[in-house]
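Here are a few notes to read with the structure open beside you. Take them one at a time and find each spot as you go.

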Amino acid sequence: MKVSTLLQKGQPAISFEFFPPKTPQGEAALFRTLHELKPLGPAFVSITYGAGGSERHKTIVWAARIQNEVGLTAMAHLTCVGSSAEELRDVLYQYAQVGVRNIMALRGDPPKGSSCFEPVAGGFRYASELVAFIRAEFGDYFTVAGGGYPEGHPEAVSLEADLHNLRTYAVG
Ligand SMILES: Cc1cc2nc3c(=O)[nH]c(=O)nc-3n(C[C@H](O)[C@H](O)[C@H](O)COP(=O)(O)OP(=O)(O)OC[C@H]3O[C@@H](n4cnc5c(N)ncnc54)[C@H](O)[C@@H]3O)c2cc1C
């Protein structure tokens with residue numbers, strides 16, 4: 001199910017967000033928790049994407065489990081950190097293959113100790129570029145969500161500039 005379809009009902013919606021567990025005990029606890037929360041009827045359950053390494057694969061695994069084993073609508077987070085457009089395309093194909101149709105497209109944070117985000121060669125500088133890429137490559141197959149910051153993103157030069165960028169994001 002696409003979240004955009006659910007939101008067309010125009011009614012308040014709740015969702016839950018989890019990070020992929022790191023241990024077998026954590027996996028069992030998340031699975032149990034998801035089943036306990038299911039009767040509350042969340043519009044979707046989102047699963048975060050790590051800064052790098054093998055943990056990232058777990059986002060795909062858990063989005064698929066939420067969707068296909070638990071029977072809730074999954075929203076998979078995806079960031080531009082450390083990935084070229086080609087690598088991101090590959091991840092998106094994996095989501096399409098397991099039936100996940102909702103992507104939270106984000107830029108990601110600079111590495112610890114650095115205040116400046118540096119894209120990899122062939123990668124993206126801003127979340128809006130990732131959104132435009134998803135649209136260009138996959139049409140409207142995915143509902144694409146993004147992050148907004150009511151208090152302004154910490155790197156934004158001003159609240160007005162941040163709002164302008166958020167708008168670019170939304171139409172990107
Ligand atoms: C709901 C939510 C979920 C998140 N989940 C994750 C997650 O799973 N994993 C993770 O690593 N991080 C996650 N984050 C954190 C996020 O990656 C960081 O907050 C990151 O610093 C910014 O990401 P963004 O997608 O908002 O970036 P962007 O929208 O790219 O914005 C980043 C900065 O660049 C500016 N900007 C944007 N476009 C332009 C432009 N064209 N020109 C100049 N400046 C521009 C913006 O104003 C902002 O200051 C999440 C954040 C939110 C709000």
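1. Which polar backbone atom is 3.0 Å from an oxygen atom of the ligand? Look at Gly108: a polar atom of the Gly108 backbone sits at that distance from a ligand oxygen. Keep in mind that this is a predicted model.

2. Now step back to Arg107. A backbone N or O atom of Arg107 is 2.8 Å from an oxygen atom of the ligand. Taken as a whole, the protein covers 77% of the 970 Å² of accessible area that the ligand has on its own.

3. Where does the ligand sit? You'll find the ligand in the largest pocket. Two elements give two or more residues to the shell around the ligand: strand S3 (74–79) and helix H6 (159–171). H6 has the largest share, with 3 residues.

4. Who's in that shell? There are 18 residues around the ligand, and Tyr49, Asp109, Tyr149, His153 and Asp162 come nearest.

5. Last stop, Leu34, which belongs to helix H2 (residues 24–37). Is Leu34 buried or exposed? Leu34 counts as buried because its relative accessibility is 0%, and buried means under 20%. While you're there, find Val45: Leu34 and Val45 are 11 residues apart in sequence, and their C-alpha atoms are 8.8 Å apart in space.

Notes. Residues numbered from 1 in each chain as written. Predicted model: local features only at pLDDT ≥ 70, side-chain atom pairs only at ≥ 80, totals over all residues. Heavy atoms only, no water. Near = heavy atom within 4 Å. Polar contact = N/O pair within 3.5 Å; in protein donor to acceptor, adjacent residues only side chain to side chain. Areas by Shrake-Rupley, 256 points an atom, 1.4 Å probe, with all protein chains shown as cover. 1 Å grid on protein atoms, 1.4 Å probe; cavity = no way out; pocket = protein on both sides within 12 Å on 5 of 7 lines; lining within 4 Å. Sits in = over half its atoms within 2 Å of the grid points. Helix = DSSP H or I, 4+ residues; strand = E, 2+ residues; numbered from the N terminus. Buried < 20%, exposed > 50% of the residue type's maximum accessible area, 1.4 Å probe, protein only.
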